[in-house]
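Please examine the sequence and the structure shown below before reading the report.

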Amino acid sequence: MIGYDIDGVLDSGLEPTGDFVIISGRTFAEYDDLCRKLAQMAPLYIRGVGKFGDRQAAGEFKALMINHLGVTVFYEDDQIQADIIRKSCPKTIVNIVK
């Protein structure tokens, strides 16, 4: 299964393919029209609560969900979060989107 982040990945024009999920470090307060649109395309998992911009917590949440859901490839734009995912999910290929 393939996983995608929203900010810097899906909102940059990258088109998702195959069987996929969306995993975001966003909080409930950041759930907007884009999230609603994406949630109609695939399951969308968001961090829910926490401090805005907390890249460490966002990366840890994404790693937890990747392991829980069995995601084998994940698209991420943030290097800090990508490093956390790589460390926590050694069987998952993490592709950095620039």
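This is a predicted model: local features need pLDDT of at least 70, side-chain atom pairs count only at pLDDT 80 or more; totals for chains, interfaces and linings use all residues.

## Nonpolar cores

The largest nonpolar core has 14 residues, and the members that touch the most others are Tyr4, Ile6, Phe20, Ile22 and Leu44. At least two residues of this core come from each of β1 (2-4), β2, α1 (33-39) and β3 (44-48). Another core, of twelve residues, lies apart from it; Val71, Phe74, Ile85 and Val94 are among its members. In soluble globular proteins, nonpolar side chains tend to be buried together.

Beyond the residues up to four places away in sequence, Phe20 touches Met1, Ile2, Tyr4, Met41, Ala42 and Pro43.

## Strand β2 and Thr27

Thr27 belongs to strand β2, which covers residues 20-27. The relative accessible area of Thr27 is 7%, which is under the 20% limit, so Thr27 counts as buried. When neighbours within four places in sequence are left aside, Thr27 contacts Ile46, Arg47, Gly48, Val49 and Gly50.

## The β-α-β unit

A right-handed β-α-β unit is made by β4, helix α3 (residues 79-88) and β5. Its two strands, β4 (residues 73-76) and β5 (residues 93-96), pair in the parallel sense over four bridges. Within this pairing, Tyr75 has Asn95 of β5 as its bridge partner.

## Salt bridges

The structure contains seven salt bridges. One of them joins Asp32 and Arg26, whose closest N and O atoms are 3.0 Å apart. Asp32 is partly exposed, at 30% relative accessibility, whereas Arg26 is buried, with a relative accessible area of 7%.

A salt bridge also forms between the side chains of Arg55 and Asp78, with an N to O distance of 2.7 Å. Arg55 is in helix α2 (residues 55-69) and Asp78 is in the loop between β4 and α3, so this pair ties together parts 23 residues apart in sequence. Arg55 is partly exposed, with a relative accessible area of 38%, while Asp78 is buried at 13%.

## A salt-bridge network

Which residues are linked with Lys62 in a network of salt bridges? The network consists of Asp5, Lys62 and Glu76. Within it, the side chains of Lys62 and Glu76 meet at 2.7 Å, N to O. This pair links distant parts of the chain, since Lys62 lies in helix α2 and Glu76 in strand β4, 14 residues apart. Lys62 is buried, with a relative accessible area of 1%, and Glu76 is buried at 0% relative accessibility.

Note on methods: Residues are numbered from 1 along each chain as its sequence is written. Side-chain values use heavy atoms; hydrogens and water are left out. Buried means under 20% relative accessible area, exposed over 50%, partly exposed in between (1.4 Å probe, protein chains only). Contact means heavy atoms within 4.5 Å. A nonpolar core is a set of buried Ala, Val, Leu, Ile, Met, Phe, Trp, Tyr and Cys residues joined through side-chain atoms within 4.5 Å. Two strands pair if DSSP finds at least two bridges between them. A crossover is right-handed if, with the strands pointing away from the viewer, the path from the first strand over the helix to the second runs clockwise. A salt bridge is a side-chain nitrogen of Lys or Arg within 4 Å of a carboxyl oxygen of Asp or Glu.
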